[in-house]
Amino acid sequence: MDTLNPNPLNAHVFEIPDPPEEFGQDGGKFYRCYDDLADEIDDDMVTGLKEQLEGLLIFAGLFAGINTAFLALTLPMLSADSSDDTNALLAQNNALLTQLVTGRNDSVPTMSPLPSAGFSPARDIFIINALFALSLAFAIISSFLAVLGRQWLVYYRKRSGGGPDKQRWEQLKRFLGAERWRLQTILDDVLPSLLQIGLIIFCVSLIIYLRYLSPTIAIIVGVPMYVGLAFFVGSALCTLWDKFCPFHSPLSHTLLGVRTIFASGAIRRFKWQDLISADTTKRWFHALVRRREEESLESLQIITLKRAICTSDDPATLLHATANILGISNPTQMALLWSDSDFRERFSDQFKNSYARVLLLRGRDKVGIAVAARRLYCGVAAHIMLLLDSNRGPACDLTEVQTAKEAMVSTTQDGHSECSAGLVRATLRFPVPKLDRSSLPDEAVMDIGSHLITYSGSIPDPDPDRRLFFVIMWAVFDLHSVRCLKMESPPQPYGCTDVEGMIQTLDKAFKVLTGPEGGDLVDGEAVLMNMLRGIRQIFVRSQSSFTLHHKFALLEICEPILKSPRVSDAMREVIRDMRLDLSQAWQRKCALRAANKHITTRLVDMLEQYLAGLRPVYQADSGCNEYLEVLQAFGPGIRRLFSYDPKQWASTAGMRARIAFHKNFNAFVYDVDRLSRKIQV
């Protein structure tokens, strides 16, 4: 389907779309393309069906007129001829007049029965009239259904009230209803087959009628009719051998359906007992009583993507539809989309040939547009693989995703700064899926690393979408093994459902970046800085999935970073700002609980666990400064905690925990003092 936008495809109007945050939230660009495509599909279908129905009505009218003319000749032959009775009566009258004239005294002959009394039509005449009448009935039924079909098409294209969104979904539901109830099959096959059956019956009755009148004439007329019938059946059989044979007809479609049924073994599995069983009857009854549930909005969105990608050849429509796949965050929706074999085949073809096809467009900077299109397809492929979290993803079919080096080649930083957050997210998803070492040379590996670092620096402020942060985190964690390219797709971090698992993975990533293998990474410090800024935003923003306990755990895994010699002063300041942010959040929580007289032991335990975890980290002399920083950040809040009245604690266990924490805090202060004195000496 060649559905083109009103504007020509040139460098001024054709751009790679930015992936939306949610499906359809791209300023209406995808829906405009889809509406044009849907209108074209509907117009083609309605126009073709209307033309066929008009031809069927014209032929049915002519055929009914011819059939009626023959019925006018043969119907009187079913009843007795009144002239035969008249002739019989006249013959009897003549006999009586002859006796009177001749003066004969013979007895008057008895009245013989009239011919109509014992009349019975010939067997051939009865068959001829029955076939002619049946043929006329088929013509009338097909004409009536054709008129009814035109009314169906008028309703199908009738615009309802409401905005464009309501009209779009309602028209899509009508399209699905037309497919579900086989509207095209009825108007394309059933109606013409009724007329064709009527025509065949008419030809049979005509031959019988001519044979009744003259066998010679019947043979002369019957030979071309037999040849035409043989050609009709033979052309239908040709479609069984070649499905692209142009001789399609209702008979050929019926034969193809029968062959499919027999080939699938449905006839052998079919049981008449199941059809008339009580359960089947009950299901039919419930189906008639209950109203069918309409499609949900999520399923309709998936159908729009399928129609756009599987039907359109317009590059803009394909790219807008592909970009909106990134707005699907529900695995069930993605599974529904990817389960369609036509969609998989079409998407695989577009993925493999997107770069070459975009190069064929007119305009400037075709290479840049082609690279951006390739990058978008790579991001979508990785998004599908990650969201499905199984082998059902494109990895089974899109083998090119492993060797798409041109999509990974880094461009200038200025070019990246113009990318939207959605396009950055789409590109960052690509390095995450499992790759094959034998398919990429060393320079491609370096391209992947530099590509990740460059794009990680383009996160706006950083992006509030946690999925982007998780993907960066996972990719950095596996950067140390990127030369082996055995990167597994993350099951939980991408789904953003397991915060504890994310913290553990983040800890591993930090150990890689600050460990010995981190020195081999391309600009690993830049990636580490971006990740620390992202964590700082978690501390600043109030996110329900990150509790105070999770924030203490995040700060605890960030503390060892300060010991790395490759950590810059800017990174140290970010981590120290995290301490201050967390200290303020902890103090606010304590004040709120104290006001409600419900200070729990959990508030004390999480801080005590954090302080205990600092001892193995800063036990050397070099940790004295960090000890002092921690004391300055949390000291005021701890002293305020000790000043609260015992009645403000939730239980006596809380008071006991306060006393134990007081001892541990004194030990912590003693360690700080000891290290300070040791340094002074």
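This briefing walks through a predicted protein model, topic by topic. The protein has 681 residues, and 44% of them are buried; "buried" means under 20% relative accessible area, "exposed" means over 50%, and "partly exposed" is in between (1.4 Å probe, protein chains only). It holds 27 helices and 0 strands. Here, helices (H or I, at least four residues) and strands (E, at least two) are DSSP runs, numbered from the N terminus.

Two bits of housekeeping before we dig in. Residues are numbered from 1 along each chain as its sequence is written, and side-chain values use heavy atoms, with hydrogens and water left out. Because this is a predicted model, local features need pLDDT of at least 70 and side-chain atom pairs count only at pLDDT 80 or more, while totals for chains, interfaces and linings use all residues.

**How confident is the prediction?**

- pLDDT is the predictor's confidence in each residue, from 0 to 100; its mean for this protein is 75, and 68% of the residues reach 70 or more.
- Residues 390-417 have pLDDT below 50, and this stretch has 65 contacts in the model beyond near neighbours in sequence; a contact means heavy atoms within 4.5 Å.
- Residues 480-497 also stay under 50, with 47 contacts beyond four places in sequence.
- Where pLDDT is low, the predicted coordinates should not be read in detail.

**The nonpolar cores**

- A nonpolar core is a set of buried Ala, Val, Leu, Ile, Met, Phe, Trp, Tyr and Cys residues joined through side-chain atoms within 4.5 Å.
- The largest one has 78 residues, and Ile325 and Phe347 touch the most other members.
- Helix H1 (residues 29-74) gives the largest share of this core, 15 residues.
- Another core of 57 residues lies apart from that one, and its members include Leu532, Cys558, Val630 and Leu641.
- As background, nonpolar side chains in soluble globular proteins tend to be buried together.

- The whole structure has 16 salt bridges, each one a side-chain nitrogen of Lys or Arg within 4 Å of a carboxyl oxygen of Asp or Glu.
- In one of them, Arg157 pairs with Asp42 at 3.3 Å, N to O.
- Arg157 sits in the loop between helix H3 (123-156) and helix H4 (164-180) and Asp42 in helix H1, so this pair ties together parts that are 115 residues apart in sequence.
- Arg157 also forms a salt bridge with Asp43, whose closest N–O distance is 3.0 Å.
- Asp43 is in helix H1 too, so that pair ties together parts 114 residues apart in sequence.
- Buried or exposed, how does Asp42 count? Asp42 is buried, with a relative accessible area of 1%.
- Asp43 is partly exposed at 34%, and Arg157 is partly exposed at 22%.

- Gln171 lies in helix H4 and counts as buried at 12% relative accessibility.
- Its side chain makes a polar contact with the side chain of Asp42 at 3.3 Å. A polar contact is a pair of N or O atoms within 3.5 Å; within protein, one must be able to donate a hydrogen and the other to accept it, and residues adjacent in sequence count only if both atoms are side-chain atoms.
- Leaving aside neighbours within four places in sequence, Gln171 is in contact with Asp42, Tyr156 and Arg157.

**More salt bridges**

- Glu559 and Arg579 form a salt bridge, with their closest N and O atoms 2.6 Å apart.
- Glu559 is in the loop between helix H23 (548-558) and helix H24 (569-595), while Arg579 is in helix H24, 20 residues apart.
- Both Glu559 and Arg579 are buried.
- Asp35, Asp165 and Arg168 are linked in a network of salt bridges.

**Cysteines**

- How many disulfides does the structure hold? The count is 0, where a disulfide is a pair of cysteine sulfur atoms within 2.5 Å.
- Cys558 is buried at 0% relative accessibility, and Cys590 is buried at 3%.

**Links across the chain**

- Among contacts with a separation of 6 or more, 78% are between residues 24 or more positions apart.
- Glu22 lies in the segment before H1, and the C-alpha atoms of Glu22 and Ser329 are separated by 8.1 Å, although these residues are 307 apart along the chain.
- Setting aside neighbours within four places in sequence, Glu22 is in contact with Asn324 and Gly327.
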